[in-house]
Amino acid sequence: MTIKAINVRNQFKGAIKEIVLGDVLSEIDVQTAAGIVTSVITTRSVKELELGVGSEVIAFVKSTEVSIAKL
């Protein structure tokens, strides 16, 4: 599935404002035009996506989760 295939209403483009790394899970705060969106993802994913403060990302909101994709 491509990024374009996901409903636009559930996407928030922004930049990472803060990352709180944990041993297994990490908290990602994304500054968007609508405000801050927070996601909890695996620390492994943070490293594999090479996410850092200032990285441009899209936060995908699902009823039970917020996913992150690096731009």
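Guide: Let's start with serine 55, which is found in the loop between α1 (43–48) and β4. Helices (H or I, at least four residues) and strands (E, at least two) are DSSP runs, numbered from the N terminus. The model is predicted: local features need pLDDT of at least 70, side-chain atom pairs count only at pLDDT 80 or more, and totals for chains, interfaces and linings use all residues. Residues are numbered from 1 along each chain as its sequence is written, and side-chain values use heavy atoms, with hydrogens and water left out.

Visitor: Is serine 55 buried or exposed?

Guide: Serine 55 counts as buried because its relative accessibility is 12%. Buried means under 20% relative accessible area, exposed over 50%, partly exposed in between (1.4 Å probe, protein chains only).

Visitor: What is serine 55 in contact with, leaving aside neighbours within four places in sequence?

Guide: Gly14, Ala15, Ile16, Glu50 and Lys70. Contact means heavy atoms within 4.5 Å.

Visitor: And which residues make up the largest nonpolar core?

Guide: There are 10: Ile16, Ile28, Val30, Val37, Ile41, Val46, Leu51, Val57, Ala59 and Ile68. A nonpolar core is a set of buried Ala, Val, Leu, Ile, Met, Phe, Trp, Tyr and Cys residues joined through side-chain atoms within 4.5 Å.

Visitor: Pick one. What is the bridge partner of valine 57 in β5?

Guide: Lysine 70. β4 and β5 (residues 65–70) pair in the antiparallel sense over 6 bridges. Two strands pair if DSSP finds at least two bridges between them. A hairpin of 2 residues joins β4 to β5.

Visitor: New topic. How many salt bridges does the structure hold?

Guide: It holds 1. The side chains of arginine 44 and glutamate 48 meet there, at 2.9 Å, N to O. A salt bridge is a side-chain nitrogen of Lys or Arg within 4 Å of a carboxyl oxygen of Asp or Glu. Both residues lie in helix α1, 4 residues apart, about one turn of the helix.

Visitor: Is arginine 44 buried or exposed?

Guide: Arginine 44 counts as exposed, because its relative accessibility is 63%. Glutamate 48 is exposed too, at 56%.

Visitor: Last one. Where is confidence lowest in the chain?

Guide: In β5, at a mean of 78, while β2 is highest at 97. The chain's mean pLDDT is 88. pLDDT is the predictor's confidence in each residue, from 0 to 100.
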